[in-house]
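Here is a short tour of one protein model, meant to be read with the structure open beside you.

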Amino acid sequence: MIHVTGVDEVTDETFDAEVLEEGRPVLVEFTADWCGPCRQLAPVLGAIAQEEGERLRIVQIDVDHNPGITARYGVLSMPTLMVFRAGEPVKAMVGARPKRRLLQELEDVL
């Protein structure tokens with residue numbers, strides 16, 4: 001898994017507690033080691049985690065090692081970004097994107 005400062009890793013076992021029970025919105029990146037666009041997205045997520053950490057938590061889940069959550073949310077492509085608020089998915093995006101565009105897409109959920 002591509003480790004990024006400020007971005008925590010969650011698993012099938014920790015997902016509900018770490019994501020669904022979090023008080024602030026959570027951006028979940030469904031990722032995999034073999035995913036090239038995921039590598040491109042890593043520094044973008046790290047920068048956003050640093051800048052927006054008060055308003056948004058960012059976590060990663062490795063789809064190869066956590067098939068339960070991946071299947072629960074019907075994730076088929078990497079990277080998939082899902083925003084959860086109050087235990088519910090409120091937004092989903094597929095593919096890497098530049099920081100400015102991702103921040104624009106997240107405006108309505110922050």
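## One face of helix α4

Helix α4, residues 99–106, has Leu102, Glu105 and Leu106 as its buried residues (buried means under 20% relative accessible area, with a 1.4 Å probe and protein chains only). Looking down the axis of α4, these buried residues fall within an arc of 95°, so they line one face of the helix; the arc is taken from the directions from the helix axis to the C-beta atoms. Their cover includes β2 (26–31), α2 (36–52), β4 (80–85) and β5 (88–94). Helices (H or I, at least four residues) and strands (E, at least two) are DSSP runs, numbered from the N terminus.

This is a predicted model, in which local features need pLDDT of at least 70 and side-chain atom pairs count only at pLDDT 80 or more, while totals for chains, interfaces and linings use all residues. Residues are numbered from 1 along each chain as its sequence is written, and side-chain values use heavy atoms, leaving out hydrogens and water.

## The nonpolar core

The largest nonpolar core holds 37 residues, and Phe15, Val19, Leu27, Val28, Phe30 and Tyr73 have the most contacts inside it. Such a core is a set of buried Ala, Val, Leu, Ile, Met, Phe, Trp, Tyr and Cys residues joined through side-chain atoms within 4.5 Å. The biggest contribution to this core comes from α2, with 7 residues.

Leaving aside neighbours within four places in sequence, Leu27 is in contact (heavy atoms within 4.5 Å) with residues including Leu45, Leu81, Met93 and Leu106.

Leu81 has Met93 of β5 as its bridge partner. The hairpin has 2 residues between its strands, and Ala86 takes a positive phi near 55° there.

Terms used
Buried < 20%, exposed > 50% of the residue type's maximum accessible area, 1.4 Å probe, protein only. Pairing = 2+ DSSP bridges.
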